[in-house]
Amino acid sequence: MRRGTGLLLAAVLMAASGCGLQSGSPMTDDVRPGTVGRGEPLEGAHLTVTSKEFTEQLILGAMMGIAFEAAGADVLDRTGIQGSIGSREAVKAGDADGGYEYTGTAWITYLGNSKPIVDPHKQWEAVRDADRKNGVTWLPASELDNTYALAMNQANYKKYRTRNLSEVAALAKKDPGAVTLCVEGEFANRADGLPGMEKKYGMNIPAKNVTQMDTGIIYTQVAKGKCTYGEVFTTDGRIKSMNLVVMADDKHFFPNYNVAPMINTKTLEKWPAIAQVLAPITKKLNNDVARTLNAKVDVDGEDPHQVALDWMKQEGFVKSG
């Protein structure tokens with residue numbers, strides 16, 4: 001699971017022992033300040049950035065590291081740690097200084113809550129306040145929200161014209177055969193997946209209309225129209241590349257997974273400029289940006305670090321050295 005809802009014991013052991021956190025390589029991007037890092041306020045700092053192993057996280061980790069480099073820091077790259085707990089524990093323990101993390105993951109997986117908070121800002125505030133005691137500081141969150149959704153192809157959209165999950169529920173009631181779903185096995189059985197969504201929206205989708213499959217296959221099956229709707233992650237690059245239409249969660253059932261910088265508190269106290277260095281980058285992040293950048297890696301086969309660097313230059317955050 002990309003957000004850490006199905007963690008293996010091995011990941012816990014890895015985090016506890018620090019295994020996998022001892023490696024890393026210096027970032028050597030030839031960059032100088034653009035709109036971030038002016039005056040090189042991090043000169044003299046030795047900072048370590050971390051991330052999980054999936055595409056979006058690799059890109060975000062690279063962005064953070066590149067920003068620190070432009071601001072004058074020496075940066076050690078420890079991105080790509082398997083599972084959620086490893087990167088989280090690295091920041092908490094001080095083995096890493098920062099990384100981009102999801103508010104929903106922190107609230108549910110790390111902090112042990114069962115019910116998400118509907119309002120994204122209040123969700124972030126709750127995480128920020130609860131994590132202070134753990135020596136972790138959460139800087140302001142972005143609009144980038146990597147949560148669940150249902151999506152359909154253009155042909156089915158033109159046929160049924162549903163724009164949100166309430167309209168999907170209405171279609172299921174009016175024409176039960178029209179609503180067929182392709183979903184992951186876990187999503188099909190989780191309270192915060194299909195069963196909960198059906199309950200929240202008053203849907204009653206027959207079991208014969210639901211097909212379970214691996215995540216990657218869902219996108220191609222939906223694109224081909226083999227099922228009317230498929231479970232997707234809202235920032236996945238394949239949404240853009242396959243021109244899928246995402247249904248709005250108009251009753252706010254799915255948790256918020258807004259991305260925000262998660263910084264070791266002692267590091268931030270020593271180098272408070274980290275907050276101002278990251279602020280404009282975080283503010284620019286949203287689902288459209290994430291889909292575009294993720295697609296460059298997952299669809300076009302580009303390198304995540306290079307994708308991050310190109311975007312940082314394109315936005316004027318950094319310049320070539």
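Two strands count as paired here if DSSP finds at least two bridges between them. With that in hand, welcome to this predicted model! One feature to look for is an open sheet of five strands, in the order β9-β8-β10-β7-β11, with mixed pairing.

- β7 and β11 run antiparallel and are joined by two bridges.
- To find this pairing on screen, look for A151, which stands opposite V246 in β11.
- As background, strands of a sheet pair through backbone hydrogen bonds, either parallel or antiparallel.

**Helix α7, a helix with two sides**

- Which residues of α7 (residues 165-174) are buried? They are L165, V168, A169, L171 and A172.
- Looking down the axis of α7, you would see its buried residues fall within an arc of 160°, so they line one face of the helix.
- The face turned away from that buried side carries K173 and K174, which are exposed.
- At the start of α7, a side-chain oxygen of N164 comes to within 3.2 Å of the backbone nitrogen of S166.

**Helix α10**

- In α10 (residues 215-224), the buried residues are T215, I218, Y219, Q221 and V222.
- These buried residues pack against β7, β8 (181-183), β10 and α11 (237-241).
- Just after α10 comes G225, with a positive phi of about 80°.

**D249, a buried charge**

- You can find D249 in the loop between β11 (245-246) and β12 (259-264).
- Does D249 have a partner of opposite charge, or is it without a salt bridge? D249 is buried yet has no salt bridge, and the nearest side chain of opposite charge, K200, is 7.8 Å away.
- Leaving aside neighbours within four places in sequence, D249 is in contact with L165, Y201 and F254.

**Strand β12 and its partners**

- How many of the six residues of β12 are buried? Six of six are, and the strand is described as mostly covered.
- β12 pairs with β5 (residues 98-102) in the antiparallel sense over five bridges.
- Within that pairing, E101 has A260 in β12 as its bridge partner.
- β12 also runs antiparallel to β6 (residues 136-138), and three bridges join the two.
- Here T137 has I263 in β12 as its bridge partner.

Note on methods: Residues numbered from 1 in each chain as written. Predicted model: local features only at pLDDT ≥ 70, side-chain atom pairs only at ≥ 80, totals over all residues. Heavy atoms only, no water. Buried < 20%, exposed > 50% of the residue type's maximum accessible area, 1.4 Å probe, protein only. Helix = DSSP H or I, 4+ residues; strand = E, 2+ residues; numbered from the N terminus. Arc of directions from axis to C-beta. Polar contact = N/O pair within 3.5 Å; in protein donor to acceptor, adjacent residues only side chain to side chain. Lys, Arg positive; Asp, Glu negative; His and termini not counted. Salt bridge = Lys/Arg side-chain N within 4 Å of Asp/Glu carboxyl O. Contact = heavy atoms within 4.5 Å.
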